[in-house]
Amino acid sequence: MSTSWDTLTELAGTVGEGTIRDLLEKDPSRATRMVVEGAGVTFDYSRQRVDQDVIDALLALADERGVLQRRDAMFAGERINVTEDRSVLHVALRMPKTESLVVDGVDVVQEVHSVLDRMKAFADKVRSGEWVGHTGKRIRNVVNIGIGGSDLGPVMAYLALQDYSDRDLTFRFVSNVDSTDIVEALRDLDPAETLFIVSSKTFTTLETMTNAGAARDWLRKGLGDDADVAKHFVAVSTNATEVAAFGIDTDNMFEFWNWVGGRYSMDSAIGLSTMIAIGPDNFDDMLAGFHAMDEHFRTAPPAANLPLLNGLLSVWNRNFLACPTVAVLPYEQYLSRFPAYLQQLTMESNGKRVRLDGSPVDYETGPIYWGEPGTNGQHSFYQLIHQGTSTIPCDVLFFAESLNPLGDQHDMLIANALAQAAVFALGRTEDEVAAEGVPAELVPHKVMPGNRPCSVIMVQKLTPFALGALVALYEHTVFTAGAVWGIDSFDQWGVELGKVMAANLIPQLKDGVAGAPTQDSATTATVARYRAALGRS
């Protein structure tokens, strides 16, 4: 693939076959040297299975693959999403109003702030009680209806920043077309006090519009068929015609643009529910955190560039150490949905099998991301990480200050985080187990091989600023790895085919319409069994 790729392959047979324990013992200074900071985030990669030669070769690989040039092209608004011929400008969503970025003759930063200003005015009306529903009651419940990035971002952000939210308001999130999702979300709400935010770029997304229709039916059932839907629905969309046809006043439609990918949209109008929950000032603080990490990624030297290094380590672990997954382990309950959010961000972006030019890759790309907050995961899947047959790199994330100090519980939490990071990296040898007096027959069962690559990420406190910086860190980590792999991290064609097939199957399931001649026999047989189970002839 390149000279640096060959060098890294050689290093994988030397450094990569060694142990993190030996690396730390031979070079204790790495514990302070292999630490970088940016936008309030401290990133410690001293427990990764690398030495300086590996880091130098990874940086050389980034240079050979033109990662920084591609980064600069993204920030300049060039159409780096080649399969859709689009710019990739989520970084413009958090640029200050004083900045300017002109793309195709339009200053996109000013467009962004025009929408942000409208969002702020609307959020203030809801939060103050000025916005009232059809019966004149103030809004006390906000239900976000979306799917994918229109759901994962808002629900993750709401839970992450719940400490900053208006506790007089109830927030619910509906995404699944499974009717249970919306039925349970609405079960204890008063229609007269409920506002729906329907988020769909085209306003034709099957799951979202099905749930939006169910919400409208629920509202009319509770308030009467003549209820003013526009008092209880707003839209985040680009399709004014469909929004108006649904019954939403287009004055209450908040735009976003085709250069905003769904998984990169939580800081756009898709974040309207977040803004209502935490208030415009805190939302601005979150945008400032995003922008601070953007600027760090854009300007920091490569050897001190946090997202660049994290992305390169991802490539090292995936391609040279043959690690197929990454566990994200936030030691913070408010980040309970952060791993789920990262699943879409990372796997929808880099789950690709062809390069930008359409040629097939002959190396592994996007790893599988997963995880749970600590300490819950310790009593669930950590056993497999510690003693399973697969090597799973881990990101251990924690905050120095607790938002809810209670006795010494925060110290206990961080002790667990650091202990697990140590065991991931060092393990426990046969001699160490035996020295504890463990019976010989049990020694093999208590040995921990360690050598699980681990990055430790520390932030002072979970604030809106910190959340923005963390999300941007992973956005640019994904970008870096994708640029090295030469793939398009900003399309998602793999999502589309299943949607088309599902649309073709609905009439078969409902009415027994014959399937297409090309439909496979297994699907046809399962359709028949489903219809028989429901007594449909």
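Figure 1. Two strands pair if DSSP finds at least two bridges between them. Helices (H or I, at least four residues) and strands (E, at least two) are DSSP runs, numbered from the N terminus. This is a predicted model, in which local features need pLDDT of at least 70 and side-chain atom pairs count only at pLDDT 80 or more, while totals for chains, interfaces and linings use all residues. Residues are numbered from 1 along each chain as its sequence is written, and side-chain values use heavy atoms, with hydrogens and water left out. Strand E5 (residues 141-145) runs parallel to strand E7 (residues 194-199), and five bridges join the two. Asn144 has Ile197 in E7 as its bridge partner. Both strands belong to an open sheet of five, ordered E6-E5-E7-E8-E9, with parallel pairing. Strand E6 (170-174) and strand E9 (253-254) stand at the edges; each has a single partner strand, so one side of each lacks a neighbour in the sheet.

Figure 2. Contact here means heavy atoms within 4.5 Å. Axes are lines fitted to C-alpha atoms, for helices over the stretch in contact, and angles run from 0 to 180 degrees between N-to-C directions. Helix H8 (residues 179-186) packs on the sheet and touches E5, E6 and E7. The direction of H8 makes about 170 degrees with that of E6. Helix H9 (residues 206-223) also packs on the sheet, touching E5, E6, E7 and strand E8 (233-236). The direction of H9 makes about 160 degrees with that of E7.

**Figure 3. The six-stranded sheet.** This open sheet has mixed pairing and the order E1-E2-E13-E12-E10-E11. Strand E1 (35-38) and strand E11 (368-370) are its edge strands, each pairing on one side only. Neighbouring strands are turned by 20 degrees against each other on average, direction ignored. Inside the sheet order, E10 and strand E12 (residues 394-399) pair in the parallel sense over five bridges. Tyr331 stands opposite Phe398 in E12. Helix H16 (residues 409-426) packs on the sheet, touching strand E2 (41-47), E10, E12 and strand E13 (454-459). The direction of H16 makes about 160 degrees with that of E12.

**Figure 4. Where H6 meets H12.** The axes of helix H6 (residues 108-128) and helix H12 (residues 280-299) come within 10 Å and cross at roughly 140 degrees. H6 brings Leu116, Met119, Lys120, Ala123, Asp124 and Arg127. H12 answers with Pro280, Phe283, Asp284 and Leu287. Ala, Val, Leu, Ile, Met, Phe, Trp, Tyr, Cys and Pro count as nonpolar, Asp, Glu, Lys and Arg as charged, and the others, Gly among them, as polar. The contact has six nonpolar, no polar and four charged residues.

Figure 5. A salt bridge is a side-chain nitrogen of Lys or Arg within 4 Å of a carboxyl oxygen of Asp or Glu. The structure holds 22 of them. In one, the side chains of Glu432 and Arg21 meet at 3.0 Å, N to O. Glu432 lies in helix H17 (residues 430-435) and Arg21 in helix H2 (residues 20-26), so the pair ties together parts that are 411 residues apart in sequence.

Figure 6. On a 1 Å grid over the protein atoms alone, a cavity is a set of points where a 1.4 Å probe fits but cannot get out, and a pocket is an open set with protein on both sides within 12 Å along at least five of seven lines; lining residues have an atom within 4 Å of a point. Grid points are joined across faces, edges and corners, and a volume is the space filled by probe spheres set on the points. The whole structure has three cavities of 30 Å³ or more. H13 gives the most, with five.

**Figure 7. The largest pocket.** About 1000 Å³ of space lies in this pocket. It is lined by 40 residues, of which Thr205, Gln492, Val495, Glu496 and Lys499 lie nearest its centre. Helix H7 (149-160), H9, H14 and helix H20 (496-511) each supply at least two residues of the lining. By class, the lining divides into 14 nonpolar, 18 polar and eight charged residues.
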